[in-house]
Every structure is written in structure tokens, then in C-alpha cells.
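Visitor: I would like to be guided through a protein structure, one question at a time. May we begin by looking at it together?

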Amino acid sequence: MQDYLKRILEGFKSYNPTQDTSMIEKAYHFAETAHKGQKRLTGEDFFMHCCEVALILLEHKLDADTICAALLHDTVEDTSTTVADIEKNFNKEIALMVEGLTKIDKLENTSNDEQTMENWRKMLIAVSHDMRIILIKLADRTHNMKTLDALAPKRRIEKAQETINLYAPLAQRLGMFSLKNELEDLSFKYLQPEEYKNLVAGVAKRSESLEKILLSFKENLDKVLVKEQIPHRLLSRVKNYYSIHRKMVKQNISFEQIQDLLGVRIITESKLDCYRALGALHANFKPVSGTFTDYIAMPKMNMYQSIHTTVFYEGQLIEVQIRTEEMHRTCEYGIAAHWRYKLGTKEDPHFDEKLNWIRQWIEWQRDLTAPREFIESFQTDINLSQIFVFTPMGEVKVLPEHATPLDFAYSIHTEIGDHYAGALVNGKMVKMNHELKSGDICTIQTRKNVLPSKQWLEAARTARARSKIKVSLRSRGIDL
Ligand code: MN
């Protein structure tokens, strides 16, 4: 176990070379003593679970308080330690995080469907004041998924299902892509063991020849970028198993037909360099039509930014993502990047926007009383692809797929939504339930005496619009 302490301290020092680590050491010994004698279902010492959770968070370079809370996360739930003990020995922030995690654990240990959904709703409300609780919870779930074999088969499936339906999308929404990929693959392994096994074997078989092509592509690309004097470094990546599987199902194709197993990232300095790199890339390697997306000009809701394109190379398709160093950091660490910046260097300017979606979302949801509706809209909002719709003034609104002019109106302002009288899309009158597309220009007409009716709920697809309509209906005593 001493080895764990060494790894944790070294991990922390790798990105905080000068910071004092005595609090982390103290948390380590405190939790070790508290869990003394406890075993996991796997037969190992329980405390190693706490260390593994801390190590996952260290990979995401989180701050000392979070690492302490990770080490202590199960002490209140599983030992005689109280939240007050933690506050006394450490600090209030750590105590609040452990308290939040204890609440989630209590909620999680019920298995009926309706209850699980209610739990999720409570969890999101409870932890919205400190996102680090969710990050620790995601790390906790990741380690539990790695050791899922210890559970009974029925519980394994339940946990895997919950992970893929809720935790993985949540990680994605928070911009924690590596955690999301890991959670998806771990769940996939239990939910579709045959498909998983076949994919692992297939990827291993193809990867040797693919590696060669990738290497040669990177050499050529490097030459092109050097010639154009574009500062850069190149990274390569292989898709995660679950995303390959999802693509096979969605496009109804076999593994052999999957062509873009490979991906290369160009990391450069400025936004302008990104577009110059794109130009150089397309001028030298044939792009595949219809694969180009510019998430730099139009970032995703989780603040993801990159240019995506796919090119042909030696009979293979290679997906190329182009981004700056700063965009890359945001992609890698997601929301966690904030606590790293907080430690001294600089504030992440997008941090509030990243957090706002979850706060706002929870706010809108207060009006959705049925837990099922809450969870369904959470999954919808989180999973759907997004579209970009413009106001007549050229301001862009990001909406989920299938959104309607009514959703668009509420995304501008509640007053505009509540007095919706009609909409023009690209200059033409459309119905309230018309499905918007990316690039549409939408003009909303309002009238003072118009107020929402029950029928509006059928045209509203976003949580925000639905919740605002319900508020208005209730305020006028209309039964839902
Ligand atoms: Mn735990």
C-alpha cells in the first residue's frame, strides 16, 4: 500500500512541483486507518479502491482538495467517520464534497427504475454547487466498472446499463472525453460481450498494417506543414471500441467496412494556424466530401472546439482534427481544466459557460415533476447532436436536433417564447412544430396577448421550452 502513497504524491507533484502535499498525505493515512480491515468483493483491501479513484483524478490533474476528497470519499458512507470529523481534520470544501458523494451513494443503492431516476435528479441538484463532486463520482464509477466481475451477473448488467446511459453522457457533456471513452468501453464489454470480443480481436488484427500507414501519413503531413511554416505537433489516436460499434450499428456496416479507425490530430498555435493547416492538408491530401465540420467557428455545447475533416491516404480514410493547444487542453481535461488553472497560471475563460449548462438545465428541470420525464429529457438533451440556428442579426443559437421554432424562441428569451405568434425560417412562414436544420435563419414574431397553451408542449422539444411553458400554464391555474 505504501506504493500507492508514492504514486499519488508523485502524480500530484508532476503538475504541482512546488505545492505542499502534507494534506494529501494526511488524507491518505486518515482514510487508510478508517477503512482498516475492510475488504472489497474482489477480496482486496477496500482502501485500494480509494487510491485508484485518486489516481484517475490525478490523470486529469485535479487540485489537492479534490484528491483529498477522493481518498476520503467512502469514509462517511462505510466507516464511523462523520462529515464533521472531515471538516475538523481537513477543511469545509473537502467535507462538502465527501458529504455530496455520500448522498449519491445512498441514492444509488436502490435498484427500481423509477427510484433510480428520482435519484439522478436529486444527485444533480445536490451536487450542482460543486462539479468536482461529479468528477469524483465519475472516477469512482470508472474504478467500480473495472472491477465489475466481482458482482453478480444481474448487477453487472444493471451497473453497465446505468453507466452507458447516464455516466458516460455526463462525462461527455463535461468535456471529459477520455473518461467517457473508458466508461463506454467498460460498459460495452458487459452489455455485448460477443460484439466486444470480436471488435477487440478485429482491431488488433488490423492495427499492425494500420500503424504503418499512419506513420507514413504523419511523416508526409509533417513535411507539408514544415514547408508552409505552420507551427505544429502531431498526435495519433485509434477510436474507442464502443464508438466503432455504434457506427457499425448506425450505418449498418461490418467491421471490415469501417474505414476511419485512424485519426490524427494537428495541434497548432493560433486559430489562424488551424485554418492554414486545413488549407495545406486539403491541398496535399484528397478530402472526403461531406466530412468537414468547423467546430472552431461553431463550438459544441460542451465548449469542444476543433476542425474535423477526413482525407484519403493509401487507400485508407484518416480523420484529421485540427486545434490549438488551448482547445486541446479543454478537450483533454474538460471541466477539470478549470481547477488546474485555478492553481496559479490562468483562469479558463470558458469555465462559467461549461458549468452554466448544467446549472441552467437543473433550473429548468425544477418544473418537470415526474422523475421519468426529468431523466428522459436529460438523456435527450445530452445525447442528441446539435444544430446551429441563426437569428436575423446573425447571432447563433445551439439547439438539439429536432428542435422547433418554439424552442428557438425560448432559447432567445422567455418573453419571446411566451408570446410566440409565428415564425419565418429562411424567409418562409412555418408551423410551430417545424423541425429546424443547421444553418437556418429563424425570425420569431410575437404578439403581446398571446400566451402558451397546452398544445405548445407538443411542439417544444427542449427542456428549457417545456419547462417555461409549464410555468406559464401553472401560473394561470391550467391543469397539466
Ligand atoms: Mn467508492
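Guide: Of the 58 residues in the largest nonpolar core, I8, I24, L57 and I67 touch the most other members. A nonpolar core is a set of buried Ala, Val, Leu, Ile, Met, Phe, Trp, Tyr and Cys residues joined through side-chain atoms within 4.5 Å; buried means under 20% relative accessible area, exposed over 50%, and partly exposed in between (1.4 Å probe, protein chains only). This is a predicted model, in which local features need pLDDT of at least 70, side-chain atom pairs count only at pLDDT 80 or more, and totals for chains, interfaces and linings use all residues. Residues are numbered from 1 along each chain as its sequence is written, and side-chain values use heavy atoms, with hydrogens and water left out.

Visitor: Which helix gives the most residues to this core?

Guide: Helices (H or I, at least four residues) and strands (E, at least two) are DSSP runs, numbered from the N terminus. The elements that give two or more residues to the core include helix 1 (2-15), helix 2 (22-34) and helix 3 (47-59). The most, 10 residues, come from helix 3.

Visitor: Which residues does I24 touch, apart from those up to four places away in sequence?

Guide: Contact means heavy atoms within 4.5 Å. With residues up to four places away in sequence not counted, I24 touches I8, L9, F12, A64, I67, C68 and L71.

Visitor: Which residues coordinate the manganese ion?

Guide: Donors are N, O and S atoms within 2.8 Å of the metal (3.2 Å for Na, K and Ca); water is not among the atoms, so sites may look incomplete. In sequence the donor residues are spaced H-x23-H-D-x65-D. At 2.2 to 2.3 Å, the ion is coordinated by H49 (NE2), H73 (NE2), D74 (OD) and D140 (OD).

Visitor: How many residues apart in sequence are the parts that D74 and D140 tie together?

Guide: Both D74 and D140 are buried. D74 lies in the loop between helix 4 (64-72) and helix 5 (75-78), while D140 belongs to helix 9 (residues 132-146), so the pair ties together parts whose separation in sequence is 66 residues.

Visitor: Is E184, the salt-bridge partner of R246, buried or exposed?

Guide: A salt bridge is a side-chain nitrogen of Lys or Arg within 4 Å of a carboxyl oxygen of Asp or Glu. The side chains of R246 and E184 form one at 3.3 Å, N to O. R246 lies in helix 13 (residues 241-251) and E184 in helix 11, so the pair ties together parts 62 residues apart in sequence. R246 is partly exposed at 36% relative accessibility, whereas E184, with a relative accessible area of 5%, is buried.

Visitor: How many salt bridges are there by this rule?

Guide: One of them joins K39 and D45 at 2.8 Å, N to O. D63, E93 and R132 are linked in a network of salt bridges. By the rule stated above, the count of salt bridges is 14.
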